[in-house]
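Welcome to this structure. Here are a few notes to read beside the model, taken point by point.

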Amino acid sequence: THTHTHTMKTGASGMRYEQPPQQKRHKEQDRDDGQCLRLRVKIDGARRELPVEVPRADCTVEALMQIVADLTKLNVRFQVPMYRGESLAGRLDLAEDSLVDIAIRRTRGGPSVNFKLPDVDKRRVRQTGENQFQAYWVVPGLNYEVEPCKTPGCPAKDEPQVVTKGFGEFRPSEDVDFERIVCSCCAKPMKLLVFVAFNTKATVRYRKAEAGAKLVTKVITAQNEVMDLGRSEDNNVHESSYTSFHITCEPLHQLPNA
């Protein structure tokens, strides 16, 4: 099946780092009087560190989780705070500038952080082209191919479909957990089948849920072609279990600064 390339760029979605008024007040009032514990936080192994200040008057794991929720929109019930590989609970008895990892709870109601996504070790290259489907086109960057919609009356019912993402850093497991992957016609949550990269440099960092598995970094370039990650050359779709997964998609040609 060929794809119709869509040239309009879309904004990258994903976790937003914002500073709410409450956190601003903490910084303004407590920066110089030592009333805050300053920490560094990483969300699910991401490279970027998030500076966080927890008031010492309420220096608890619960307070930290709420601040992280305010900054990132990640609900506290999906957070698993960890320090040096150990889960945190109760009071935060940490040194200044300690690094706290926030793992994401992938199984609702349970502590497991294993999750399933397309197996990026399986790949297929396709050429672009036209098609007659209602919701199957790709944009430069990352796209999600999803299962055909089964909703009665949906214009895209039983047809291949793509959810466009564009450029940026993505955590697909969060998109799955929070039901952000939906049919573009009827908005029903959809199952992610394959990552589709087009006209992009994609850097994938992941660790599979296997004994002794190491963190792997792969750089994939898809130029003037469609790269399916999670589909083999025989057109079969493959899935794998992970404990960590991030994908960053960049434009192939960056324009010089003005």
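1. Rings of Phe, Tyr and Trp (its six-membered ring) pair if their centres lie within 6.5 Å, and planes under 30 degrees apart count as stacked, over 60 as edge-to-face and the rest as tilted. The count by this rule comes to six aromatic pairs.

2. Before going further, please keep in mind that this is a predicted model, in which local features need pLDDT of at least 70 and side-chain atom pairs count only at pLDDT 80 or more, while totals for chains, interfaces and linings use all residues. Residues are numbered from 1 along each chain as its sequence is written, and side-chain values use heavy atoms, with hydrogens and water left out.

3. Which kind of pair do Tyr-144 and Phe-195 form? Their pair is tilted, with 6.0 Å from centre to centre and 55 degrees between the planes. Tyr-144 belongs to strand 10 (residues 141-146) and Phe-195 to strand 13 (residues 192-208), so this pair ties together parts that are 51 residues apart in sequence. Helices (H or I, at least four residues) and strands (E, at least two) are DSSP runs, numbered from the N terminus.

4. Phe-245 sits in strand 15 (residues 239-250) and Phe-195 in strand 13, so the pair ties together parts that are 50 residues apart in sequence. Both Phe-195 and Phe-245 are buried.

5. Strand 10 has a partner to look at as well: strand 10 and strand 11 pair in the antiparallel sense over five bridges. Two strands pair if DSSP finds at least two bridges between them. The bridge partner of Leu-142 in strand 11 is Gly-166. Five of the six residues of strand 11 (residues 161-166) are buried, so this strand is largely enclosed by the rest of the structure.

6. Back in strand 13, have a look at Thr-203. Thr-203 is buried, with a relative accessible area of 14%. Leaving aside neighbours within four places in sequence, its contacts (heavy atoms within 4.5 Å) include Arg-47, Thr-217, His-246 and Glu-250.

7. How many salt bridges are there? The count comes to 18, a salt bridge being a side-chain nitrogen of Lys or Arg within 4 Å of a carboxyl oxygen of Asp or Glu. One of them joins Asp-175 and Lys-165, whose closest N and O atoms are 3.3 Å apart. Asp-175 lies in helix 3 (residues 172-177) and Lys-165 in strand 11, so the pair ties together parts that are ten residues apart in sequence. Asp-175 and Lys-165 are both buried.

8. Another salt bridge is between the side chains of Asp-228 and Arg-231 (3.2 Å, N to O). Asp-228 is buried at 0% relative accessibility, and Arg-231 is buried at 7%. Salt bridges that share partners join Arg-124, Arg-126, Glu-145, Asp-228 and Arg-231 into one network.

Definitions and conventions. Buried means under 20% relative accessible area, exposed over 50%, partly exposed in between (1.4 Å probe, protein chains only).
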